[in-house]
Amino acid sequence: MIPQSFEYTAAKTIDEALAAVAAGAKPLAGGMSLIPMMKLRLSAPERVVDIGRLKELNYIREDAAGIHIGAATTHYDVESSGLIRGKCPLLAETAAHIGDVQVRNMGTIGGSVAHADPSADYPAAMQALEAKFVLKSAKGERTISAAEFFIDTFATALDMGEIVREVIVPVEPPGVGTSYQKLLQPASGFAIVGVAARIVRSGGKISMVRIGVTGLAGHSYRAAAAEDALNGKSGSAAEIQNAAALVPQGVEANSDLHASAEYRKHLAVVYAARALTAALARTA
Ligand code: FAD
C-alpha cells in the first residue's frame, strides 16, 4: 500500500497550479480518492500538484447567475453552508450523504466531480440541478453543463491541462421541494443507487420536475422520460410509481458484487419513487 514515488508541489496560486497541470502534474485536492488509488497503484502520477489549500478555489458565494462554489470547497462546507442550505437545499442534503465526517472534512466538490466515480453522490444532484462547471486551463476558461461533463465511468469532458475551477448551482425557485435518496454501500457509504429529485407544483399540478440518478449506470444521468411522465400531473402515488418505473428504462446497468444489474434497476425504481414522494411533500 505504498505509492510509487512522486514529486509533490503545493501550488500557491491558481496560475501556478495551472502551469503545473499543463506540464503534466496531477491535481490533488482532498486526496480522498487519488491517494487510495495511488496506494493501490491504480494511478501512478510522477508529479502531483496540491490545489486543496488554494484560497482562490475555496468559496461559496451568490450572484445573479446562481451559487458559485469553488472547486476546493469541502463536502462539510457545502453541507453546513447557510447559503446552500437555504437556497439550494438539495446540494447540502446530498453532501451530508457522502462517506463519513472525516471524508466530508477532506473531500472537495471539484475532486468529486472530476473523479466521476459512477457511485458518487454529487453527480445525481448536479444532474437534477442542471449544474454548470467552470473549467480552467492556462489557456482560458469555459463553462459546461453537468449533462455534458459526465461522459463515462471515471471519464469527464475535462481536457488535458484543465481543472474544475467552480461549480454553479441555481438558487431554487420559491416553493420547490427537493430530496436525495440512496441505498448506500455500508462499508464506504457510496451509492449503490442514488436519486435526486426537484419538484415545483403550482395550482395542484407539477410544473417543473428534475430527476438525477447515480450508481445505476456508467455515469450519472437525468431521467428525462420519467420527468416528462410527471410534468403537468398532480403527483398522485400511482403517477409517481409510473414515472419511477421509467427511470432505469434503456439504461445499461452496472453489476458488481454489491448488486446485480437487475437488482440495481429495481432499486432505481424504488429510490426514484422515494425521492419524488419526499420532494413533493416538501413543495410549498
Ligand atoms: P482527490 O482524491 O484529491 O482527487 C480525485 C481526482 O480528481 C484525481 O484524479 C484528481 O487529479 C482530480 N481532481 C481533484 N480536484 C480537481 C479539480 N479541481 N479539477 C480537476 N481535477 C481534479 N464519495 C461519495 O460521493 N459518496 C460516498 O459515500 C463516499 N464515501 C467515501 C468513503 C471513503 C472511505 C473515501 C476515502 C472516499 C469516499 N468518497 C465518497 C469519495 C470522496 O467524496 C472524495 O472526496 C471525492 O471523490 C474526491 O474528492 P477529493 O477532493 O478527495 O479529490
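Figure 1. Glu 130 counts as partly exposed because its relative accessibility is 37%; here buried means under 20% relative accessible area, exposed means over 50%, and partly exposed lies in between (1.4 Å probe, protein chains only). The structure is a predicted model, in which local features need pLDDT of at least 70 and side-chain atom pairs count only at pLDDT 80 or more, while totals for chains, interfaces and linings use all residues. Residues are numbered from 1 along each chain as its sequence is written, and side-chain values use heavy atoms, with hydrogens and water left out. The side chain of Glu 130 meets that of Arg 210 in a salt bridge of 2.7 Å, N to O; a salt bridge is a side-chain nitrogen of Lys or Arg within 4 Å of a carboxyl oxygen of Asp or Glu. Arg 210 lies in strand β13 (residues 205–214) and Glu 130 in the loop between α8 and β6 (132–137), so the pair ties together parts that are 80 residues apart in sequence. Helices (H or I, at least four residues) and strands (E, at least two) are DSSP runs, numbered from the N terminus. Through shared partners, salt bridges join Glu 130, Arg 210, Arg 222 and Glu 227 into one network. Arg 210 is buried, with a relative accessible area of 19%.

**Figure 2. The salt bridge between Lys 182 and Asp 121.** The side chains of Lys 182 and Asp 121 form a salt bridge of 3.0 Å, N to O. This pair links distant parts of the chain, 61 residues apart: Lys 182 is in strand β11 (residues 177–184), and Asp 121 is in the loop between α7 and α8 (122–129). Both Lys 182 and Asp 121 are buried. By the rule for salt bridges, the count comes to 15.

**Figure 3. Asp 50 and Arg 53.** Asp 50 lies in strand β3 and counts as buried, at 5% relative accessibility. Its salt-bridge partner is Arg 53, with the closest N and O atoms 3.2 Å apart. Arg 53 counts as exposed, because its relative accessibility is 63%.

**Figure 4. The surroundings of the ligand.** The ligand is surrounded by 30 residues, and the closest are Pro 27, Ala 29, Leu 34, Thr 108 and Asp 121; a residue is near a molecule if one of its heavy atoms lies within 4 Å of it. The shell divides into 15 nonpolar, twelve polar and three charged residues. In this division Ala, Val, Leu, Ile, Met, Phe, Trp, Tyr, Cys and Pro count as nonpolar, Asp, Glu, Lys and Arg as charged, and the others, Gly among them, as polar. At least two residues of the shell come from each of β2 (26–28), α7 (109–115) and β10 (163–169). Helix α7 gives the most, with four residues.

Figure 5. A polar side-chain atom of Thr 108 lies 2.6 Å from an oxygen atom of the ligand. For Gly 31, a backbone N or O atom lies 2.8 Å from a ligand oxygen atom, and for Lys 26 a polar side-chain atom lies 3.1 Å from an oxygen atom of the ligand. Taken alone the ligand exposes 970 Å², and the protein buries 90% of that. Accessible areas come from the Shrake-Rupley method with a 1.4 Å probe; for residues, only the protein chains shown count as cover.

**Figure 6. Leu 34 and His 115.** Leu 34 lies in helix α2 and counts as buried, at 12% relative accessibility. Leu 34 and His 115 are 81 residues apart in sequence, and 8.4 Å separates them in space, C-alpha to C-alpha.

**Figure 7. Helix α5.** This helix (residues 89–96) is mostly covered, with six of its eight residues buried. The buried residues of α5 are Leu 90, Leu 91, Ala 92, Glu 93, Thr 94 and Ala 95.

Figure 8. Ala 116 has a positive phi of about 55° although it is not a glycine. Its place is in the loop between α7 and α8, and Ala 116 counts as buried at 3% relative accessibility. Phe 154, also not a glycine, has a positive phi of about 55°. Phe 154 lies in the loop between β8 (150–152) and β9 (155–156) and is partly exposed, with a relative accessible area of 46%.

Terms used. Polar contact = N/O pair within 3.5 Å; in protein donor to acceptor, adjacent residues only side chain to side chain.
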